Amino acid sequence: MKKVFALAYVLLVVLGIIWGSSFILIKRGLLSFTPLEVGAYRMFAAGIVLLPVFVIWLPKSKRQNFKWFFVSGLVGNGLPAVMFALAQKHITSSMAGVLNSLTPLFALLVGLVVYRLPFDRSKLLGVMVGLVGAMVLILFRPGADVAGSLAYSFLVILAAFFYGVNINLIKEKFAESRPMVIAAFPIVFMAIPSFFILMSTGFFSKLSLHGQVGESLGYLSILAIVGTALSLVLFNRLIQLTNAVFASLTTYIIPVVALGWGLVDGEDVGWMQVAGLLLILTGVLMVRKKGTKKPDNQGLSGS
């Protein structure tokens, strides 16, 4: 039992580090590739890695779920991957990592509005606190162009909203599906259009294993293989050992790691950014304070 407990915490920390490092990897990939290429390659490479899982489970899967797997892949993976990359052409990786922490708040809002989950004033207050934290982060960024920050920060916030939609979609449509199927099928479905996007942009013609292009490709490959494919496998294993509520604690690790990488990379991180982070995490804590006895999928907030 102690070994299982220790392994659970190891996986929790490892996942937090992996997902928290996604934003600096996106930043490195953008040095040589466009935001569309970064997002599409991430889906394509991750889909290749998860293809064996897809092939194994394809004969046993319900065909009526395929359209929902595609929607889940688009909303929970494909669109956010491009949005984060596009936003990070104009905002720092650390800021993107912190704003990503809004995901559980949006998951609650979507659940309240769409699925009529029980109304809880304390949770709604938590959402408001988190959103105030996001505004503090955006408006008081060192040397910020407020108009520019709002425009591109909104892309990250929209991506976090899509993550929240996907969390509710998974809970509603895939309650009986195996975790590995939920992880693999949406990604593989996104890999198909991603391949054609990469073909249309000339991505494959400018690939190189040398120089800056080679470095950017390496960072994006790590992002796709480790930050997307492997992390989903580890996350599902963590849920099997514990529950999704425990696994959702990665929400508190991810922004700290993202801020750390930002500092290492020379990004401006001021006290107001730390204050914004604390407000967001306080809001997340308020949202999760009650009703955590039943496992859910609110931990699926990685970039």
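## Salt bridges, rings and a nonpolar patch

K27 is partly exposed, as its relative accessible area is 25%. This residue belongs to a predicted model.

**Charged pairs**

How many salt bridges does the structure hold? The count is four. In one of them, K27 pairs with E267, and the closest N and O atoms are 2.8 Å apart. This bridge links distant parts of the chain. K27 is in helix α1, residues 2–29, and E267 is in the loop between α11 (250–264) and α12 (271–288). The two are 240 residues apart. E267 has 9% relative accessibility, so it counts as buried.

Another bridge joins the side chains of R28 and D265, at 2.6 Å from N to O. It also links distant parts of the chain: R28 sits in helix α1, D265 in the loop between α11 and α12. Their separation is 237 residues. R28 counts as partly exposed because its relative accessibility is 23%. D265 is partly exposed too, at 27%.

E37 and K206 meet through their side chains in a salt bridge of 2.9 Å, N to O. E37 lies in helix α2 and K206 in the loop between α8 and α9 (211–241), so the bridge ties together parts 169 residues apart in sequence. Is E37 buried or exposed? E37 is buried, with a relative accessible area of 2%.

**Aromatic rings**

The aromatic pairs number 19. One of them is F44 with F195, a tilted pair with 5.7 Å between centres and 35° between planes. It links distant parts of the chain, with F44 in helix α2 (residues 35–57) and F195 in helix α8 (residues 179–201). These two residues are 151 apart. F161 and F162 form a tilted pair as well, at 6.1 Å centre to centre and 45° between the planes.

The cut-off for buried is under 20% relative accessible area.

Which residues do ring pairs link into a cluster? They are F33, Y41, F44, F195, F196, F203 and F204.

**Around W57**

W57 lies in helix α2. K60 sits over the face of W57, 4.7 Å from the ring centre. W57 counts as partly exposed because its relative accessibility is 21%. Leaving out residues up to four places away in sequence, W57 touches R178, V181 and F185. W57 and A184 are 127 residues apart in sequence, yet 9.4 Å apart in space, C-alpha to C-alpha.

**Nonpolar surface**

A nonpolar surface patch of about 420 Å² is made by M135, L139, F140, L150 and M272. L139 is placed in helix α6, residues 121–139. L139 counts as partly exposed because its relative accessibility is 36%.

Notes. Residues are numbered from 1 along each chain as its sequence is written. This is a predicted model: local features need pLDDT of at least 70, side-chain atom pairs count only at pLDDT 80 or more; totals for chains, interfaces and linings use all residues. Side-chain values use heavy atoms; hydrogens and water are left out. Patches are made of residues with over 30% relative accessible area and no salt bridge: like charges are joined within 9 Å, nonpolar side chains (Val, Leu, Ile, Met, Phe, Trp, Tyr) within 5 Å. Accessible areas come from the Shrake-Rupley method with a 1.4 Å probe; for residues, only the protein chains shown count as cover. Helices (H or I, at least four residues) and strands (E, at least two) are DSSP runs, numbered from the N terminus. Buried means under 20% relative accessible area, exposed over 50%, partly exposed in between (1.4 Å probe, protein chains only). Rings of Phe, Tyr and Trp (its six-membered ring) pair if their centres lie within 6.5 Å; planes under 30 degrees apart count as stacked, over 60 as edge-to-face and the rest as tilted. A charge sits over a ring if NZ of Lys or CZ of Arg is within 6 Å of the ring centre and within 35 degrees of the ring normal. Contact means heavy atoms within 4.5 Å.
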